[in-house]
Amino acid sequence: QVQLKESGGDLVQPGGSLTISCVASGSIFSFYDMAWYRQPPGAEREWVADITRSGSTTYADSVKGRFTISRDNAQSTVYLQMNNLKPNDTAVYYCTARYTTSWGPGTQVTVSS
């Protein structure tokens, strides 16, 4: 079973940028389609973006044009670059390997002035 660990969460001002990472271990990373989810305060977890093994990407409408998901198979890492951040992007961000039950513990992103 793949293990996942997110990092890079921070406090960012509105309009700012941040890149968060998720490192995988325990299995062959390149076999997995990967996804980012987020859970805002007091709300349910919601899907943010996907990247397939071949590098195809899809995004939620709320982040399309602002966020970019990417992966580095040599580093077993998936990234989420976030630009033009808004207060309602504040959430705990989680990565997951598709078609598994593996989730990381999450990383907190707070967008506030």
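Okay, let's start with G104, which is found in the loop between β9 and β10 (107–111). Strands here are DSSP E runs of at least two residues, numbered from the N terminus. Before I go on: this is a predicted model, where local features need pLDDT of at least 70, side-chain atom pairs count only at pLDDT 80 or more, and totals for chains, interfaces and linings use all residues. Residues are numbered from 1 along each chain as its sequence is written, and side-chain values use heavy atoms, with hydrogens and water left out.

So, is G104 buried or exposed? Buried, with a relative accessible area of 9%; the cut-off for buried is under 20%, using a 1.4 Å probe and protein chains only. Leaving aside neighbours within four places in sequence, G104 is in contact (heavy atoms within 4.5 Å) with L4, E6, Y94 and C95.

β9 (residues 91–97) runs antiparallel to β4, and 6 bridges join them. For two strands to count as paired, DSSP has to find at least two bridges between them. On β4 itself, residues 34–39: 5 of its 6 residues are buried, so the strand is largely enclosed by the rest of the structure.

β4 also pairs with β5 (residues 46–51), again antiparallel, over 5 bridges. There, A35 stands opposite D50. The hairpin of β4 and β5 has 6 residues between the strands, and G42 in that hairpin takes a positive phi near 70°.

Next up is D33, in the loop between β3 (18–25) and β4. D33 is buried too, at 14% relative accessible area. What does its side chain reach? The backbone nitrogen of R53, at 2.7 Å. Not counting residues up to four places away in sequence, D33 touches I51, T52, R53, R71, T96, A97, R98 and Y99.

R71 is on that list, and β7 covers 67–72, which brings me to the other sheet I wanted to show. This is an open sheet of 4 strands in the order β1-β3-β8-β7, with antiparallel pairing. β1 (3–7) and β7 stand at the edges with a single partner strand each, so one side of each is left without a neighbour in the sheet. Between β7 and β8 (residues 77–82) there are 6 bridges, antiparallel, and T68 has Q81 in β8 as its bridge partner.

That's my tour, thanks.

Terms used:
Buried < 20%, exposed > 50% of the residue type's maximum accessible area, 1.4 Å probe, protein only. Polar contact = N/O pair within 3.5 Å; in protein donor to acceptor, adjacent residues only side chain to side chain.
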